[in-house]
Every structure is written in C-alpha cells, then in structure tokens.
Amino acid sequence: TVAQHAAAIMQRLDDKDSDVRVAAVQALAESPEAVAQHAAAIVQRIDDEDWDVRQATVEALAKSPEAVAQHATAIVQRLENEDMDVRGPAFRVLTKSPETVAQHAAAIVVLLEQKDPGVRRAAVQALAVSPETVAQHAA
C-alpha cells in the first residue's frame with residue numbers, strides 16, 4: 001500500500017523528471033494518511049517549476065484538510081510570491097478549506113491591495129469560500 005511505501009515514494013518528490021514528481025504526488029494522494037504524514041514535503045511542491053506537479057500537489061492536499069490546516073502558514077506565505085504560477089496553486093489549496101481561509105483572512109485581505117490584478121482576483125476568490133470572512137471584511 002501507499003502508506004507502507006510512502007518513504008520510498010517521498011524520495012521521488014525531488015526527482016529530476018517532472019513526470020516522476022507528478023506520479024509521486026499522485027501516489028501519495030491515494031492515501032490521506034500519507035498526505036497528512038508527509039504534508040510538509042508535499043507543500044514544498046507548490047513551488048515546483050512544473051505546472052502538472054503544482055496541480056497534483058493541490059489535488060493531494062485537498063484530500064487532507066488536516067494537512068492544509070497544519071501547513072496553512074507556509075501555504076499563505078506563497079500567496080505573496082511574485083510568480084502567479086506559485087500563488088495560483090496556493091490559492092487553490094486554500095479554497096478547499098474555508099476554515100483555513102477564515103483563520104488567515106488578514107493575510108489574504110492585504111493582497112486585495114496588490115498591484116497585480118491576478119493577485120487581487122485570486123484573493124477575492126479565496127475569501128469567497130468563507131462567507132463569514134466576506135461579511136467581516138465587507139465594510
């Protein structure tokens with residue numbers, strides 16, 4: 001099973017071939033327990049140079065709300081990255097967890113003032129998953 005071989009699979013997260021990195025993230029995603037256990041390393045793949053790896057990372061983390069909550073600070077920090085290819089996956093991960101968005105709303109609200117309209121749009125979309133947060137910041 002994935003959980004039994006997670007350590008070996010984890011080593012492939014840093015493989016030089018992006019298809020291998022995608023396969024490693026997808027394999028770990030088959031086990032929410034493996035995602036939760038290895039979330040710190042998986043979260044790092046949000047910064048991957050390959051879009052498919054970043055997308056697989058979002059899908060894997062979405063299967064473990066506990067992992068997202070546990071590593072929310074690291075994910076929120078990526079919202080400030082100048083590269084939308086890094087910010088985008090971070091926003092997509094956060095939108096899977098309204099509770100996490102609510103907890104980190106202050107950091108997301110600051111992004112509404114960013115120069116880049118893509119950042120502002122993504123911030124609005126992230127905040128929209130938490131109606132309580134929208135109500136708090138509507139004034």
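## Contacts along the chain

In this predicted model, residues 24 or more positions apart account for 60% of the contacts in the protein with a separation of 6 or more, where contact means heavy atoms within 4.5 Å. Local features need pLDDT of at least 70, side-chain atom pairs count only at pLDDT 80 or more, and totals for chains, interfaces and linings use all residues. Residues are numbered from 1 along each chain as its sequence is written, and side-chain values use heavy atoms, with hydrogens and water left out.

## Overall build

The protein has twelve helices and zero strands, which are DSSP runs numbered from the N terminus (helices: H or I, at least four residues; strands: E, at least two). The radius of gyration, taken over C-alpha atoms, is 15 Å, close to the 14 Å from the globule rule (2.2 Å times the number of residues to the power 0.38), so the protein is as compact as a globular protein of 139 residues.

Of the 139 residues, 46% count as buried, meaning under 20% relative accessible area with a 1.4 Å probe, protein chains only.

## Helices α1 and α2

The axes of helix α1 (residues 2-11) and helix α2 (residues 18-29) come within 10 Å and cross at roughly 155°, axes being lines fitted to C-alpha atoms over the stretch in contact, with angles running from 0 to 180 degrees between N-to-C directions. The two helices are therefore roughly antiparallel (an angle over 145 degrees).

Val2, Ala6, Ile9 and Met10 in α1 meet Ala24, Ala27 and Leu28 in α2. By class, this contact has seven nonpolar, no polar and no charged residues.

Definitions and conventions. Angles under 35 degrees count as roughly parallel, over 145 as roughly antiparallel, 65 to 115 as roughly perpendicular and the rest as oblique. Ala, Val, Leu, Ile, Met, Phe, Trp, Tyr, Cys and Pro count as nonpolar, Asp, Glu, Lys and Arg as charged, and the others, Gly among them, as polar. Buried means under 20% relative accessible area, exposed over 50%, partly exposed in between (1.4 Å probe, protein chains only).
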